[in-house]
Amino acid sequence: MKIKREKLMNFTADVMKKMGCDDEKARVVAEVLVEADMRGISSHGVARLKRYVNHIKEGIIDPNGEPEIIFETPVSLVIDGNNGVGQHIAKFSMEKVIEKAKKYGIGMATVRNSNHYGIAGYYAEMAVKMGLVGISLTNTAPLVVHTFSKEALLGTNPIAFAFPTSEKYPILIDMATSVAPRGKLEVYSRLNKKIPKGWAVDETGHTTTDPEKVLSNLKQRKGGGLLPLGGEGEEFSGHKGYGLVLLVELLTSGLSLGSFSYDTYKGKGKITHFFAALDPAIFGNPEKIKEHAMELINSLRNAKKADGKERIYVHGEKEYEKREKSLECGVEIDEPTYYELRKIAENLDIPW
């Protein structure tokens, strides 16, 4: 189903305002969620709205919580989100980081006591729009089973990285450090589809293709969960994905003195983030750096293609092209999400 961007934005914002958010918080939540759907990242789109409604009702998210700077140097910040709305906290933090990068060449912030903030790439993209290199990391609920374990202690811990180019769009890498994010399992579950082998393990630590079983086990913390990039064991370098998960955990929770993934969502969200912005000018002429980067990008695009393949992409291209189609034709959402949104509207007495 397709819905015009502004209609979906307004509806999402109305839901968040009904739940106690002010106009600014409601608008940034709507923008981040709808941007995900516009780019084809349905795992992090408006399907997440039900979760936010429930988390506010349960007291996990405080719609009035405001980010607070508790430590600062010329190039760094530690921010306490006070359990507020994740998107609002993340945007505030990246704006502060950008200010520092513009003044000193580099800015970094680590954040504790936040909540789910949507697609990590949104915040890295904030920096690249200002001509800066942007980095956005977050930990998550415990969803990932590290190598040789059968217990989920770590998060899917996404990494987003944005690099300016001389083209219309930047390079934008936005990826979970697990084989797949939980949201993809939720999509497969909604559509009654099996997940591919190698995405997740059951409570015994062995591969399963049943997304509902994995999600149920994770919810009840019965064992099993998603696998780190590379998959099960060491044969396909699952231990390297485990290393990336750990890297994110240390930069977010470690530096902020915040909660590790296995201690999140115990009463409050307690999610942690890390943001950085880097001005290419501290390495020389930004325009020459962009030109040099384009040499690499074009070489990758023009490489000999695998048999049967018509095009080689660089990171971000598919999502930006999908976004343009969404602006023209409307934002696609699946049928179960459509009816879930309508149910939210009825429960909150919001026009649908």
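Me: Which residue in β3 is the bridge partner of Thr 73?
Reply: In β3, Thr 73 has Ser 76 as its bridge partner. This is a predicted model: local features need pLDDT of at least 70, side-chain atom pairs count only at pLDDT 80 or more, and totals for chains, interfaces and linings use all residues. Residues are numbered from 1 along each chain as its sequence is written, and side-chain values use heavy atoms, with hydrogens and water left out.

Me: How many bridges join β2 to β3?
Reply: Five bridges join β2 (residues 68-73) to β3 (residues 76-80), and the two run antiparallel. A hairpin of two residues joins them. Strands are DSSP runs of E, at least two residues, numbered from the N terminus. Two strands pair if DSSP finds at least two bridges between them.

Me: What is the strand order in the sheet?
Reply: The order is β2-β3-β4-β13-β5-β8-β9, an open sheet of seven strands with mixed pairing. The edge strands are β2 and β9 (171-175), and each pairs on one side only.

Me: What stands opposite Ile 106 in β13?
Reply: Leu 278 does. Strands β4 (residues 106-114) and β13 (residues 271-278) pair in the antiparallel sense over seven bridges.

Me: New topic. Where is Met 175 found?
Reply: Met 175 is in strand β9. Its relative accessible area is 34%, so Met 175 counts as partly exposed. Buried means under 20%, exposed over 50%, and partly exposed lies in between (1.4 Å probe, protein chains only).

Technical notes. Helix = DSSP H or I, 4+ residues; strand = E, 2+ residues; numbered from the N terminus.
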